[in-house]
Amino acid sequence: MQQQISEQEISELVDQFYAKVRKDEEIGPIFNAVIDDWPYHLSLLKNFWSTVLNTTGRYKGDPMMKHLQLSLDPPHFRRWLELFEETARETMSPEHSEIVVAKAERIAQNFMAGIAYVKTQA
């Protein structure tokens, strides 16, 4: 039976991942332009991932709507996933990183589909 991903693992993943995102030449400017309170945002993201991975219900919000407001295209999502996978493998056991990366890939696919749909309606 798989051991639950700890809140400490989630916290470390989010902190290290977004440290990379903020410095990344491709996607950093997009996020840095809209996030003015990184400590608050990181706390929100930790609640999001805790809810996604451990069904804690701590995250209350609509991440799709938030991302629809950004200028994100498929290459941005690919870069996001690249950095996310790299960080998950650096901060978690292979078993846990596989779980987290699979969830992130599904979320990214859903966001890309939602953004593509909205663009066709505009």
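The protein has six helices and zero strands. Helices (H or I, at least four residues) and strands (E, at least two) are DSSP runs, numbered from the N terminus. The model is predicted, so local features need pLDDT of at least 70 and side-chain atom pairs count only at pLDDT 80 or more, while totals for chains, interfaces and linings use all residues. Residues are numbered from 1 along each chain as its sequence is written, and side-chain values use heavy atoms, with hydrogens and water left out.

**Overall build**

- From the N terminus on, the order of elements is α-α-α-α-α-α.
- The radius of gyration is 14 Å, close to the 14 Å that the globule rule gives for 122 residues, so the protein is as compact as a globular protein of that length. This radius is taken over C-alpha atoms, and the rule is 2.2 Å times the number of residues to the power 0.38.
- Along the principal axes, the C-alpha atoms fill a box of roughly 45 × 25 × 25 Å.
- Among contacts (heavy atoms within 4.5 Å) between residues at least 6 apart in sequence, 76% join residues at least 24 apart.

**Burial**

- Of the 122 residues, 39% count as buried. Buried means under 20% relative accessible area, exposed over 50%, and partly exposed in between (1.4 Å probe, protein chains only).

**The largest pocket**

- Its volume is about 640 Å³. A pocket is an open set of points on a 1 Å grid over the protein atoms alone, where a 1.4 Å probe fits, with protein on both sides within 12 Å along at least five of seven lines. Grid points are joined across faces, edges and corners, and the volume is the space filled by probe spheres set on the points.
- The lining has 27 residues, and His41, Leu45, Lys66, His67 and Leu70 lie nearest the pocket centre. Lining residues have an atom within 4 Å of a point.
- Two or more lining residues come from each of α2 (28-34), α3 (38-54), α4 (63-68), α5 (74-91) and α6 (94-121).
- Helix α3 gives the most, with six residues.

**Phenylalanine 48**

- Phenylalanine 48 is found in helix α3.
- Phenylalanine 48 counts as buried because its relative accessibility is 14%.
- Leaving aside neighbours within four places in sequence, phenylalanine 48 is in contact with Tyr59, Pro63 and Ile107.
- Phenylalanine 48 and arginine 78 are 30 residues apart in sequence and 20 Å apart in space, C-alpha to C-alpha.
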